[in-house]
Amino acid sequence: MGVGTWTIWGTRVTFVQDGAVPGDNAVTAAARDDRAGEPWASAASMALPLALKAGERVSATFWARAARPETVPVMINGGAPSYAVLASRTVDLTPDWRRITLSGVAPTDLAAGTQFLTLHLGRAPADVLLGPVLFRPGEPDDADMQATFAGFRPAQRVQDVRIPSDPGVVLAGRLRLPGRHGGDPVPIVVLLSGSGPGKRGVFPLVEDRLLAEGIATLDYDKRGVGESTGTFLDTLGLMERDATAAVAYLRTRPDIDGGRVAFLGLSQGAYVGPAVAARDPAIAAVVMLAGPAGEKGKLFTDDMREKLAKAGIAGDTNDRVVATLQALYAARIAEAPPSVVDPARQALIDGCVAGGWSLAQAQAVVAELDTPVVLSMYQAAPNEALAMIRAPVLALYAGRDTVVSTPRTVPQARAALRNNPDATVMELPGLNHGFQHVDTGQPGPLEPAMSAPEALDLVARWLDTHLHPAVPGPAAQGTVIPRRAQ
């Protein structure tokens, strides 16, 4: 019944807190102001969770308002290809919240989730705000609806937030708060995705599990991506600054327990979280998923040697190419003039050509390597950060990962964390880099990250244990961690 289950397409979506609607939470569908367009070019929809028998009546009651008076079509309809309509009407929305009921009769037996409450917003010139929805079989009952909404407490409250970071950089984040935790500040997990132009929504299954355990979540569009401002440059240093800004913002909120802020990161995010935690002793816990581990410089060059060997450059030539790459990076780090950088760059190209690559291939690869992003990876020192962390750490690695070398990284992670009394390093067999059961080493395109049940369950239980102080000490490495008492 909460607003988080509205699906909105064709326009920008924003979640807001609004104390004038039951549940104190609303979702905004931004105005398209396209009177000449199709009404279904933008819409809000929610699936009916009820199975219906032929001839059975169902009612859908929802809360809505608009920034200014507006009339929109609303219906209960089936999905493609027929889009059969059970009920249809237009509704007048005003700046005040209204409770609206639509009722219809099933023409045949209908399975749960096959019918939808839908508002067509393609021609609405004003922002439309939607609140919770109540589905009931049978005739609408006003007293029942009033009582239900009066006592409604959503399972989660969703709010879009703006987080200031560097000058000119404001991160667009989505904060999800458990709705039934009482009035005390809650623990929170900051979610960090892998490299590339990441947006919110990478870990939906993780968020659902944590919210069910009374743990809030925050994720955000990377700088310069989605609704975040600034210029996208995926260097590790900038990503650390943004994650630090996110933690600082959370600690200003009275509904968040600033002493129970944790990180969960995948790949690049599993470097960024520990790097921030190493400098912030108040971080409560860190979950690393396929996180890099190794000594500064050597981690990168060992990986580069493997990649060059797979590309046909082996033996002494492999060593020479790696040495010329190190010389180029040393010049970049020293901010050397072109008279030093250019010869170093050409030496790297020549080394790749000597290894059997074409000139065009060598130039293309060197262009990819000679960037601030890759240079930041070369300078990364994950083992130094891991050794400094005093918070509990759960480091998980995937048995079928082709992005991060699990056999090489697991021993490094264990060595770096050896002095942490509450650090667990585990390999989960059969999973790929995205911790999915997909028959490939790469993240699956159709499944969210952390879709493997065993990984999801382990992480959720571990975080629940470490973010709720009533639970006894940590579980031993590799054991199943019990859930806290409910």
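**Close-up 1. Strands E11 and E12 of the predicted model form a hairpin with 5 residues between them.** Gly 168, in the turn, has a positive phi of about 85°. Strand E11 covers residues 156-164 and strand E12 residues 170-178; the two run antiparallel and are joined by 9 bridges. Pro 164 stands opposite Val 170 in E12.

**Close-up 2. A salt bridge joins the side chains of Asp 160 and Arg 200.** The N to O distance is 3.6 Å. Asp 160 belongs to strand E11, while Arg 200 lies in the loop between strand E13 (186-192) and helix H2 (204-212), so the pair links distant parts of the chain, 40 residues apart. Asp 160 has a relative accessibility of 12% and counts as buried; Arg 200 is also buried, with a relative accessible area of 17%. The structure holds 28 salt bridges.

**Close-up 3. Helix H5 packs its buried residues against several other helices.** H5 spans residues 298-310, a run of 13 residues. From its first C-alpha to its last it reaches 18 Å, close to the 18 Å expected at 1.5 Å a residue. Its buried residues are Leu 299, Phe 300, Thr 301, Met 304 and Leu 308. They pack against H6, helix H8 (359-369), H9, helix H10 (382-388) and helix H11 (406-416). Just after H5, Gly 312 takes a positive phi of about 100°.

**Close-up 4. Glu 306 and Arg 408 meet in a salt bridge through their side chains.** The N to O distance is 2.3 Å. Glu 306 is in helix H5 and Arg 408 in helix H11; the pair links parts of the chain 102 residues apart. Glu 306 counts as partly exposed at 34% relative accessibility, and Arg 408 counts as partly exposed at 23%.

**Close-up 5. The side chains of Asp 370 and Arg 345 form a salt bridge.** Here the N to O distance is 2.7 Å. Because Asp 370 lies in the loop between H8 and H9 and Arg 345 in helix H7 (residues 338-354), the pair ties together parts that are 25 residues apart in sequence. Asp 370 is buried at 13% relative accessibility, whereas Arg 345 is partly exposed at 25%.

**Close-up 6. The rings of Trp 63 and Phe 149 form one of the 5 aromatic pairs in the structure.** Their centres are 5.7 Å apart and their planes stand at 85°, so the pair is edge-to-face. Trp 63 is in strand E5 (residues 57-66) and Phe 149 in helix H1 (residues 142-150), 86 residues apart. Trp 63 and Phe 149 are buried.

**Close-up 7. The rings of Tyr 329 and Tyr 378 form a tilted pair.** The ring centres lie 4.8 Å apart, with the planes at 45°. Tyr 329 is in helix H6 (residues 315-333) and Tyr 378 in helix H9 (residues 372-378), 49 residues apart. Tyr 329 is buried at 1% relative accessibility; Tyr 378 is buried with a relative accessible area of 14%. Ring pairs link these two residues and Phe 300 into a cluster.

**Close-up 8. An open sheet of 5 strands has the order E1-E4-E9-E6-E7.** The pairing is antiparallel. Strand E1 (7-9) and strand E7 (85-93) stand at the edges with a single partner strand each, so one side of each is left without a neighbour in the sheet. The twist averages 20° from one strand to the next. E1 is joined to strand E4 (residues 43-47) by 3 bridges, and Ile 8 stands opposite Ala 44 in E4.

Key. Residues numbered from 1 in each chain as written. Predicted model: local features only at pLDDT ≥ 70, side-chain atom pairs only at ≥ 80, totals over all residues. Heavy atoms only, no water. Phe/Tyr/Trp six-rings, centres within 6.5 Å; stacked < 30°, edge-to-face > 60°. Helix = DSSP H or I, 4+ residues; strand = E, 2+ residues; numbered from the N terminus. Buried < 20%, exposed > 50% of the residue type's maximum accessible area, 1.4 Å probe, protein only. Pairing = 2+ DSSP bridges. Expected span 1.5 Å × (residues − 1). Contact = heavy atoms within 4.5 Å. Axes fitted to C-alpha atoms, helices over the stretch in contact; angles between N-to-C directions. Salt bridge = Lys/Arg side-chain N within 4 Å of Asp/Glu carboxyl O.
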